[in-house]
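I opened my notebook to record what I looked up in this structure, one entry at a time.

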Amino acid sequence: VFDTDFAADLTIMEEGSEILNRLTRYLDGDKSVRLPILTSCCPAWVNFFEHHFPDMLDIPSTARSPQQMFGSIAKSYWVEKMGIPREKLVVVSIMPCLAKKYECDRDEFKVNGVPDVDYSISTRELARLIKRANIGFTLVLDSPFDNPMGESTGAGVIFGTTGGVMEAALRSVYEIYTGQPLKNVNFEQVRGLSGVRRATINLNGFELKVGIAHGLGNARHLLEDIRNGHNEYHVIEIMACPGGCIGGGGQPLHHGNSDVLYARANALYREDANKPLRKSHENPYIKTLYEDYRGKPRERSTSMIMANIPCRMLWVTSSILMFNSVHRPATFATTPTVSCPMTVMKAFMVSTLVFLIVIGAAKDPAHAYPSSIADLANFEHTFCKKEQNTGAKDILYKNQVQSAGACAILIFNFPWISV
């Protein structure tokens, strides 16, 4: 069981390096550089951008989302270390965002038909499974994620709230650009829940102008200004959902209560503050990954980490990154209250995946997990269908898996914590 916060740190290394690359070329007088650079980690935002601003597809970052970076690294770097064939590895992600389901099914994120991420289910869907399993979280001790892809910094944690990606990037960009240690890593000027926020960051004499927006109406205003030649930014972070991933479409519903969003955001900042490492470039496992496999940020195969398609931009996602706690089973869909033991979550998620495997093997012994959407639909109908009195049925599955699996990875991203 790994943590996508690891891949959030990797995202910062790649995206931060791209920011520095563009800024350096811009300051050196390169007229071909397009600014501002936009974050590319929110799938709903990128979809909106693709359809409404197709003339500006060369502006966003080319970095993949943490979910897709994780899947790519798991099915290349990790399988090589473990001696597992790529086609035998199953990656299951637990995400706050329903658009993640579509993202991991994009052809661009497949190698020979095998997706980097096989399944993506939402936090609400997982919540229903946990409630049905009647798991008592308070009875089991906590345990850490597995390594090498379970270690993360505070910068990865805050991806889940609006302004978090920007702040995480600034922590690394500042030290790399200035060559000086950043004494105070808290960029309070980019925090908050205002729809559009602006800040100027002093990078050793250079004033870096950044913008943050959440909600697509706010994003549209920013982008129309840029299209009309009224750009005042070097870097912009945009999230489609109010509050960022803490208010994602797959999250427990907050019914417009901003107090819930504030509580979730503050919980992430507390988690960040308690981390021993708070800058992505300090993550020892990220350093090892580059030393052993990638060389330097933005090197090696762009197909693994970057989303570099000339005619259109790839769907990429954002802030998939925090597994910090879950809700009390009886009130899982409403109020966050109780810290979740990782031991329980590991056991539950492994058993859930085993169930998927058994269903697939029962239907076709040649497959070790459901091999078609029909199989998954049958699984959803027989095991995960919502109670009849709740109305419309939610869909637990998305991806069609195309080959037999012998190993599985679970990656977690819960951008809320007990409050």
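One of the partners I looked up was that of Val-92, which is Tyr-119 in β6.

I noted that this is a predicted model, in which local features need pLDDT of at least 70 and side-chain atom pairs count only at pLDDT 80 or more, while totals for chains, interfaces and linings use all residues. Residues are numbered from 1 along each chain as its sequence is written, and side-chain values use heavy atoms, with hydrogens and water left out.

Next I looked up strand β3 (residues 89-95), where 7 of the 7 residues are buried, so the strand is largely enclosed by the rest of the structure. Buried means under 20% relative accessible area, with a 1.4 Å probe and protein chains only. Strands are DSSP runs of E with at least two residues, numbered from the N terminus. In a regular strand the side chains alternate between the two faces of the sheet. On one side of β3 I listed Leu-89, Val-91, Ser-93 and Met-95, and on the other Val-90, Val-92 and Ile-94, all of them buried.

My last entry concerns Ser-122, which lies in strand β6 (residues 119-122) and is buried, with a relative accessible area of 2%. Leaving aside neighbours within four places in sequence, Ser-122 is in contact (heavy atoms within 4.5 Å) with Ile-94, Met-95, Leu-98, Lys-101 and Gly-250.

Conventions. Helices (H or I, at least four residues) and strands (E, at least two) are DSSP runs, numbered from the N terminus. Buried means under 20% relative accessible area, exposed over 50%, partly exposed in between (1.4 Å probe, protein chains only). Two strands pair if DSSP finds at least two bridges between them.
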